Amino acid sequence: MTGESISVNKIRDILLVTVPADPDDETISLLQEKILLAMERYEVKGLILDISTVEILDSFFARTIIETAQMVRLMGGRTVVAGMRAGVAITATQLGLVFGDLRTALDVDRALDMLRDAPSRR
Amino acid sequence: MERKKINQVVISGEGDILEVRKTVRNEAAALGFGPTDITRIVTAASELARNVFRFAGDGVMLCAQLSADGRIGLELVFEDQGPGIENIGQAMERGFTTGGGLGLGLPGAKRLVDQMDIVSAPGQGTRVTVVKWRGSKAA
């Protein structure tokens with residue numbers, strides 16, 4: 001999976017990113033950059049990272065997600081990670097990943113609900 | 001115990017970490033590992049392959065099928081000729097890092113497999129061997 005295949009979609013006041021199933025490191029880094037540029041460009045409340053197709057969340061990928069959420073927060077937005085699979089949750093925990101106060105949701109629908117009441121950045 | 005080599009991946013670039021993941025996923029599935037165990041093995045392999053790339057620049061992963069007492073296992077060996085590890089005990093501590101990462105790579109990978117062995121010395125390269133048995137208790 002290479003860089004050009006990911007898209008950051010603006011839907012009303014939310015950015016929705018569907019993370020590819022098995023992205024390489026370059027794609028992951030590029031994704032972060034795209035998200036932050038979109039946060040700068042659009043008046044959106046926040047970001048939903050849909051990871052429902054992701055099977056492998058290693059420490060590099062996880063760190064990038066955690067950092068991206070923090071960067072989005074610094075820009076006044078909220079992040080919700082949606083759709084983590086059971087195997088990924090088990091593995092991430094055994095690996096020792098700490099997600100801190102990163103907000104999560106079962107799926108994109110519920111993530112949208114969570115962001116609906118978030119304050120506008122305007 | 002019988003060991004049969006089944007695959008190998010040369011690690012020389014960042015993109016090869018992805019190749020390692022694909023290969024390990026395919027081999028683990030072919031050996032009949034369940035989906036959660038596959039996720040564990042592939043995640044461990046991803047951490048170890050990234051260590052090879054990050055610290056040594058290049059190396060190789062060797063993939064073997066183990067058979068012992070009617071059990072089937074998958075063995076992954078990550079070898080490089082890089083700088084080696086000065087203090088393996090310290091490298092196994094959670095949160096210890098010299099590479100700017102989270103310091104989860106080695107200790108994290110160890111928790112995802114059944115066995116891990118590290119042979120390394122400064123200037124002598126590093127060999128990390130991990131084994132996951134099918135249907136093991138950590139399944």
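Which side chains meet in a salt bridge at 3.5 Å, N to O? The legends below treat this pair and its surroundings.

The structure is a predicted model, in which local features need pLDDT of at least 70 and side-chain atom pairs count only at pLDDT 80 or more, while totals for chains, interfaces and linings use all residues; side-chain values use heavy atoms, with hydrogens and water left out. Residues are numbered from 1 along each chain as its sequence is written, and chains are lettered from A and ligands numbered from 1 in the order in which they are written.

**View 1. A salt bridge between chain A and chain B.** The side chains of A:Glu55 and B:Arg25 form a salt bridge with an N to O distance of 3.5 Å (a side-chain nitrogen of Lys or Arg within 4 Å of a carboxyl oxygen of Asp or Glu). Between chain A and chain B the count is 6 salt bridges.

**View 2. The interface of chain A and chain B.** Chain A and chain B each contribute 22 residues to the contact (heavy atoms within 4.5 Å). The buried area is about 2000 Å², and carbon and sulfur atoms give 51% of it (accessible area, 1.4 Å probe, that two parts lose on being put together, summed over both). A:Ile56, A:Gln94 and A:Leu95 supply 28% of the area that chain A buries against chain B, more than any other three residues.

**View 3. Helix H3 of chain A against helix H2 of chain B.** The axes of H3(A), residues 86–95, and H2(B), residues 35–56, come within 9 Å and cross at roughly 45° (lines fitted to C-alpha atoms over the stretch in contact, with angles from 0 to 180 degrees between N-to-C directions; helices are DSSP runs of H or I, at least four residues, and strands runs of E, at least two, numbered from the N terminus). The two helices are therefore oblique to each other (angles under 35 degrees count as roughly parallel, over 145 as roughly antiparallel, 65 to 115 as roughly perpendicular and the rest as oblique). Residues in H3(A), including A:Gly87, A:Ile90 and A:Gln94, meet residues in H2(B), among them B:Thr36, B:Arg40 and B:Glu47.

**View 4. Helices H1 and H2 of chain A.** H1(A), residues 25–41, packs against H2(A), residues 59–74, at an angle of about 10°, with the axes 10 Å apart. That angle makes H1(A) roughly parallel to H2(A).

**View 5. A salt bridge within chain A.** The side chains of A:Lys45 and A:Asp13 meet in a salt bridge (3.7 Å, N to O). This pair links distant parts of the chain, 32 residues apart.
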